[in-house]
Amino acid sequence: MSLVPVKAPQAPQKFDLAIVGAGPAGMAAAITARECGLSVLVVDENPAPGGQVFRAAEFAGTDPALARDMAPGLDLIGRFRALDMTYRPGATLWMLDPDTGTLSLSHLNETLEFVADRILLATGAQERPVPIPGWTLPGVMSAGAAQIALKAAGLVPSGRVVLAGQGPLVWLLANQLIRAGVLPVLVETRTQSILRTALEQGGIFSGFPQLAKGIGLILKARQAGMRVISGARHLRAEGSARVQGLRFEGGYEACDTLLLHEGVIPATHISMAIGLDHHWDARQLCWRPRLDVFGASSHARIAVAGDGAVIGGWEAAVATGQLAALDAAFRLGRLAAADRDFRAEASADALLQARALRPFLDALYAPSQEILAPPEESTIICRCEEVTAGSLRWAAAIGATGPNQAKAYLRCGMGPCQGRLCGPTVAAVIAETRSVPVEEVGHFRPRAPYKPITVNELAGSPHGAHRLS
Amino acid sequence: MFRTRPDYRPETVQVFVEGRALMVPEGSNAAAALLIAGLPAIRETAISGSPRLPWCMMGVCFDCLAEIDGIANRQACMVPVAAGMRIARQHGAREVPR
C-alpha cells in the first residue's frame, strides 16, 4: 500500500437547499423549492426515489401484490424526476457540518462534497427494535425487511411465515403477502382495546378515510383465511441454527420465517449527530427533533421534515416537506413572509387531515414494556456487540446513568450500526433499572462518519491530499 | 429463505453468491441475492461467531455486512446488484490487508 497524490481539491458545488432523502418529504420539498426558484440538491442513499413507502415504485408499480399501494407515489415520483435539480441517488451522507453547510457523501466508493445555504433532513423512519429472545436467529427479520424484499425484487418468504407484533404495517404487509401468494399466521401483541382507545383518543370521524383503509385490510386478511392469534405475550423465537418457531404464552407456531414489528420511530441518527435539540415524545415513545411549525430546528441552517420529524405517514410527510421548502425560500429571501404563510395554508390543512387518526393509532399500538425493555437477562439488546439486557442492568446498577455511559462500560452502540437499532432499548432498560423516566437517561450521541467509510474514501475527499493505492 | 416471483419480475441479473452463479430479479440488492441463494448465514458475528441474516434490509442494522466485489464490511442491503457482482459471506471481524 502506498500514498499517491491526487489532484488539487476543487471548491464544492453550492446550492440554496440541500435535501437529504428522496422519500415523500424530500420529493415534495424539492418540488416546492423549485417552484420558489431555489437551486436544489437531493441526495439519497437508495438507488431510486420513493423512500421506504414508495420504494422501487417505478419497478413495483406493475406487481399485483403492490400496485394499489404504490399508485399514489408514482405521481409524486414523476413530478420529482421532472425537476431541474441535482439528484444524487446511491449517495450516503457520512458527515454534515451544519455551521458551514457542508455535506460529505460516499458515492460509488468516492467522496462527494457539496455546500448548501439551507439543509433539510428528510431521512424518514426506522422500525422500532423488537428485542425478544432469539431475535438474532437467521430467519427472524423485521416485517419492514420482508416488505422491502417484496418491493425491491418481488421476493416472498418461502415455507411457513409467522408475522408477529402490531401496528398498521403488520396488516398492510399481511395483505401484500397474501396478494403475492403467501398466507402468513399473525400473532398479534396488541393489548389495548380498540373501542376504549377510540373513545379516549377520538379522531375516528376526521380520520375516517385512514380508518376505513385499515379496517379494509383487517377484513381482507381474515377473508383470505389468515389465522390471527390475539393478545400474545412473552414472545420467544426458537431454533438452533435458524428460527424454527415462535413461542408465546399459551402457544407455539412453527415457522421458517418470523417477521417482527412493533411500529416505527423517527430515524434521528443524523439529527442527533449534528447536535440538534431533541425531546422525548411520550405518546409515540421516541425521541424527535424540536421543531417549529415549518420544521425549522434548533440550528439556524437545518430543518427536518417527514417521519424523521414525527411519525405521521407519507401524506403528512409530503405536507411537512412542502412547509419546510416554503420556509427555506422565505429564509433565503425568495419569498415574503406573507406569501409563505399564504401558501402554507393548504399544506397545514393537509397535515391536520393526515394526522387525524394518529393519536388513536399511537395509543392502540403502544408497545408493551416487555418490548421496550426486555425482562429476560440473556436477551440480546445490541445486535452488533451482542450486549444482553442482563449486562445492561448490571451496568445501570453500578453507575451507568445513560446510554453514553453504558457504551463505555459495555460497547453497546459501538458496533457498525452505531446504536441506531439498540439506542431506544438501551435507554429504556437503563431508565427501568434506575426507576427514572427515559427522557432523564437521554440518548446516544452519534458521531461522524455516520456510516463506515474506507480510508480510501476519506483520503480521496476534497480535504484529503492523498489516496491509498 | 426467499423465493422469486418471475411472473411479475421477469428481468434478471446474474451475480455470483459464494462463487455460485445465480439469476436474481433486476432491482435486487446484494442482501436480497443472499436471501434467494438460501445461505444459512450472511456473516458470523465478530463477537461470538453466531450466524446472522439481514434484519432490517434498509441500512439500519448492519447485520447484512458482506464482502462485495472484494470489499468487506459492506451493507449488502444498500448495494444494488450489477451483472457479474461477486457476493461473499463474511466470517467474524474484517481483516485488515497488510
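Trainee: Does Thr100(A) count as buried or exposed?
Mentor: Keep in mind that this is a predicted model. Thr100(A) lies in the loop between strand E5 (91-97) and strand E6 (102-107) of chain A. Thr100(A) has 11 inside 10 Å, so it counts as exposed.

Trainee: What separates the C-alpha atoms of Thr100(A) and Val436(A)?
Mentor: Along the chain, these two are 336 residues apart.

Trainee: Which element gives the most to the side of chain A that touches chain B?
Mentor: Start with the contact, which takes 40 residues from chain A and 38 residues from chain B. On the chain A side, strand E8 (125-127), strand E9 (140-142), helix H4 (143-153) and strand E10 (156-157) each supply at least two residues. The top giver, with six residues, is H4(A).

Trainee: And which residue in E1(B) is the bridge partner of Pro157(A)?
Mentor: E10(A) is joined by two bridges to strand E1 (residues 2-3) of chain B, and these strands run antiparallel. For Pro157(A), the partner in E1(B) is Phe2(B).

Trainee: Where in chain A is the pLDDT below 50?
Mentor: Chain A averages a pLDDT of 94, and 96% of the residues score at least 70. One stretch falls below 50, though it has 19 contacts in the model beyond near neighbours in sequence. That stretch is residues 465-469.

Notes:
Residues are numbered from 1 along each chain as its sequence is written. Chains are lettered from A and ligands numbered from 1 in the order in which they are written. This is a predicted model: local features need pLDDT of at least 70, side-chain atom pairs count only at pLDDT 80 or more; totals for chains, interfaces and linings use all residues. Two residues are in contact if their C-beta atoms, placed from the backbone, lie within 7 Å. Helices (H or I, at least four residues) and strands (E, at least two) are DSSP runs, numbered from the N terminus. Two strands pair if DSSP finds at least two bridges between them. A residue is buried if 20 or more other C-beta atoms lie within 10 Å of its own, exposed if 12 or fewer, and partly exposed in between; C-beta atoms are placed from the backbone. pLDDT is the predictor's confidence in each residue, from 0 to 100.
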